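Here are my notes on the structure, as numbered points. Please read them with the model open.

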Amino acid sequence: MRYEFRVDGQMSDVLTEAFPELESVVVPDQTVLFGRIVDEEHLYGLLARCQSLGLHVVEMRRLPE
């Protein structure tokens, strides 16, 4: 499964390094993280990581394969 996460604001290099399994792109007022998610446990782990780092996920969606 491939997912995209849109995070409010521009994430620093240190924050994006906390997600080594995802690629990132900065767009106006947001950072887009995207990549392959292996299972639901991985997905919930990523969301927990976002929460623990104080990131505000404004959108999450599954991408077509």
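1. Tyrosine 3 has arginine 62 in E4 as its bridge partner. This is a predicted model, and the pairing should be read as such. E1 and E4 run antiparallel and are joined by 6 bridges.

2. The sheet is open and has 4 strands, in the order E2-E3-E1-E4, with antiparallel pairing. Strand E2 (23-27) and strand E4 (57-63) are the edge strands, each pairing on one side only. From one strand to the next, the twist averages 20°. Helix H2 lies across E1, E3 and E4, and runs at about 10° to E1.

3. The largest nonpolar core has 12 residues, among them Tyr3, Phe5, Val7, Leu43, Leu46 and Cys50. Strand E1 (2-8) and helix H2 (40-52) are the elements that give two or more residues to this core. As a general point, nonpolar side chains tend to be buried together in soluble globular proteins. Phenylalanine 5, leaving out residues up to four places away in sequence, touches residues including Leu22, Leu33, Ile37, Leu43 and Leu46. Thr31, Glu59 and Met60 are also among the residues that phenylalanine 5 touches.

4. Is threonine 31 buried or exposed? Threonine 31, in strand E3 (residues 30-36), has a relative accessible area of 1% and therefore counts as buried, the cut-off being under 20%. Its side chain reaches two backbone atoms: the oxygen of glycine 9 at 2.9 Å and the nitrogen of methionine 11 at 2.8 Å. Beyond four places in sequence, the contacts of threonine 31 include Phe5, Val7, Gln10, Ser24 and Val26.

5. A search of the whole structure gives 6 salt bridges. Glu4, Arg6, Glu59 and Arg61 are linked in a network of them. Glutamate 4 is buried, at a relative accessible area of 10%, whereas arginine 6 is partly exposed, at 22%. Arginine 6 also meets glutamate 59 in a salt bridge at 3.9 Å, N to O. That pair links strand E1 to strand E4, with arginine 6 and glutamate 59 lying 53 residues apart. Glutamate 59 is partly exposed, with a relative accessible area of 36%.

6. Arginine 36 and glutamate 65 meet through their side chains in a salt bridge of 3.2 Å, N to O. Arginine 36 is in strand E3 and glutamate 65 in the segment after E4, 29 residues apart. Arginine 36 is partly exposed at 46% relative accessible area, and glutamate 65 is exposed at 61%.

Technical notes
Residues numbered from 1 in each chain as written. Predicted model: local features only at pLDDT ≥ 70, side-chain atom pairs only at ≥ 80, totals over all residues. Heavy atoms only, no water. Core = buried A, V, L, I, M, F, W, Y, C linked by side-chain atoms within 4.5 Å. Buried < 20%, exposed > 50% of the residue type's maximum accessible area, 1.4 Å probe, protein only. Contact = heavy atoms within 4.5 Å. Polar contact = N/O pair within 3.5 Å; in protein donor to acceptor, adjacent residues only side chain to side chain. Pairing = 2+ DSSP bridges. Axes fitted to C-alpha atoms, helices over the stretch in contact; angles between N-to-C directions. Salt bridge = Lys/Arg side-chain N within 4 Å of Asp/Glu carboxyl O.
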